[in-house]
Amino acid sequence: MNHAEHPSAGNPRVSLTGYATASAWAHFGFEYANWFDSRRGRALFLPMHYGCRALRPIAPAAGAFSESLYWRHRWFSAWAEAQAPDLAIEIGAGLSTRGIAHARKHPDMHWVDYDLADMVAARRARLAKHDVPGNYTLEVGDLLDPGLGGALRTSADARVIAMTEGVTDYLDHAEKRRAWRAIAELLARLGGGRYLLEVHPRERIDTFGMPGRLLFDALRRISGRDLREQLCANTDEAIAMLEDCGFTRARVLPEDELVDAAHAPAPAHRAFVLIEACIQPGPDVARRERAR
C-alpha cells in the first residue's frame, strides 16, 4: 500500500473530507482505493471510525456513521453495475476509484470522472504510477457549470448514468439547484439517463439528538460550512427540487433495491437516503431501449 502524502486537492470546502473518504475506501477494501490512501486521510478517518465504534452501544445512530460510509459507497457502485451503462459520469468524483474498477471490469463501456482542476491534477499525479484502463477518462469539470460535460458524445440508444456521491449536501439550496439543473441538462442532451445521489434529510438528522449534532459539528470544522442548515428538510423537498430542476421524475430507492440492505445499519440509524432521478429519453430512444 502506498502511504505517500497526497498532493493538495480540489475544492477547498471539501478537500479534507475527500482525504478522509479516500482513506475510508482503502480501509474498507474497495478496489484500487489504496492508490489514494494517505497519512492525512487516515488521521482524519480513523479517529472518527473508532470513535463511532465506541459510540455504537450507547448511541447506535451516531455510531453507525462510518459504517454507513461503507454502505453508501458500495450501493453507488452496485447501482452503477445494475444499470449496465454504456456511458457513466461521476461528477465530483474526488478520490474515488469506483470508475477505474468499473471500467476495467467492463471494457465495452466508457466511464468519465469529473472534478475541479486541482483535484484532477492531484489524481493524475497519483494515477501516473498505475495502469489505468483505456475506457476510463478523468476530466476537469465544475458541477455548478451549466456547460458541464459539453464535449461528451454518445450514440442515440446509449444507456447513460450520472452520479454524485458525498457532494450535493455540501451545497446550499441555490447551489443545489444549479448543480441539479446542469446534470439534468447534460442527461437531456445525451438522450436521457438516470442520476443517483444521496440526501441527508434534516428531519432524519434531528432524530439522532446530541450525537448527531456532535458529528455535524465535526463535519463543519472539517468542511468549513454549517452543513445541517444546507440540508433538504426531507425527501419530499429534495424530490420536488430535482423535478423542478428538469428531471422527469425522482424517487427514493427502496430497501429491496439496495444490495444486502439487511446487513447494513437499520434505516433509523442511517443519516442518508439514496434518490434516483431520471431524464426520460425521447420516443425513438425509448423504443430502442425496450427492444434491447
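Author: Helices, which are H or I runs of at least four residues, and strands, which are E runs of at least two, are taken from DSSP and numbered from the N terminus. The model is a predicted one.

Reader: With elements named in that way, where does A84 lie, and is A84 buried, exposed or partly exposed?

Author: A84 follows helix α4 and belongs to the loop between α4 and β1 (87-91). Buried would require under 20% relative accessible area and exposed over 50%. The relative accessibility of A84 is 41%, so this residue counts as partly exposed.

Reader: Where is Y32 found, and what is its phi?

Author: Y32 sits in the loop between α1 (15-28) and α2, and its relative accessible area of 22% makes it partly exposed. Although Y32 is not a glycine, its phi is positive, with a value of about 65°.

Reader: What span should helix α4 have at 1.5 Å a residue, and which of its residues are buried?

Author: Helix α4 (residues 65-83) has 19 residues and should therefore span 27 Å, which agrees with the 27 Å between its end C-alpha atoms. Its buried residues are F65, S66, S68, L69, W71, R72, H73, W75, F76, W79, A80 and Q83.

Reader: How are α4 and α5 oriented to each other, and which residues make the contact?

Author: The axes of α4 and helix α5 (residues 98-105) come within 11 Å and cross at roughly 30°; because angles under 35 degrees count as roughly parallel, the two helices α4 and α5 are roughly parallel to each other. The crossing of α4 past α5 is right-handed. The contact is made by H73, F76, S77, A80 and E81 of α4 together with R98, H102 and K105 of α5, and by class it has two nonpolar, three polar and three charged residues.

Reader: What is the orientation of α7 to α11, and how do the residues of their contact divide by class?

Author: Helix α7 (residues 173-189) and helix α11 (residues 235-244) have axes that come within 9 Å and cross at roughly 50°, which makes α7 oblique to α11. The crossing of α7 past α11 is right-handed. H173, K176, R177 and W180 of α7 make the contact with E237, A238, M241, L242 and D244 of α11, and these residues divide into four nonpolar, one polar and four charged.

Reader: Which residues of α7 are buried, and what covers them?

Author: With 17 residues, α7 reaches 24 Å from its first C-alpha to its last, close to the 24 Å expected at 1.5 Å a residue. The buried residues of α7 are E175, K176, A179, W180, A182, I183, A184, L186 and L187. What covers these buried residues includes β1, β4 (160-164), β5 (193-199), α10 (227-230), α11 and β7 (273-279).

Methods:
Residues are numbered from 1 along each chain as its sequence is written. This is a predicted model: local features need pLDDT of at least 70, side-chain atom pairs count only at pLDDT 80 or more; totals for chains, interfaces and linings use all residues. Side-chain values use heavy atoms; hydrogens and water are left out. Axes are lines fitted to C-alpha atoms, for helices over the stretch in contact, and angles run from 0 to 180 degrees between N-to-C directions. Angles under 35 degrees count as roughly parallel, over 145 as roughly antiparallel, 65 to 115 as roughly perpendicular and the rest as oblique. A crossing is left-handed if the near helix is turned anticlockwise from the far one by less than a right angle, and right-handed if clockwise. Contact means heavy atoms within 4.5 Å. Ala, Val, Leu, Ile, Met, Phe, Trp, Tyr, Cys and Pro count as nonpolar, Asp, Glu, Lys and Arg as charged, and the others, Gly among them, as polar. The expected span of a helix is 1.5 Å times one less than its number of residues. Buried means under 20% relative accessible area, exposed over 50%, partly exposed in between (1.4 Å probe, protein chains only).
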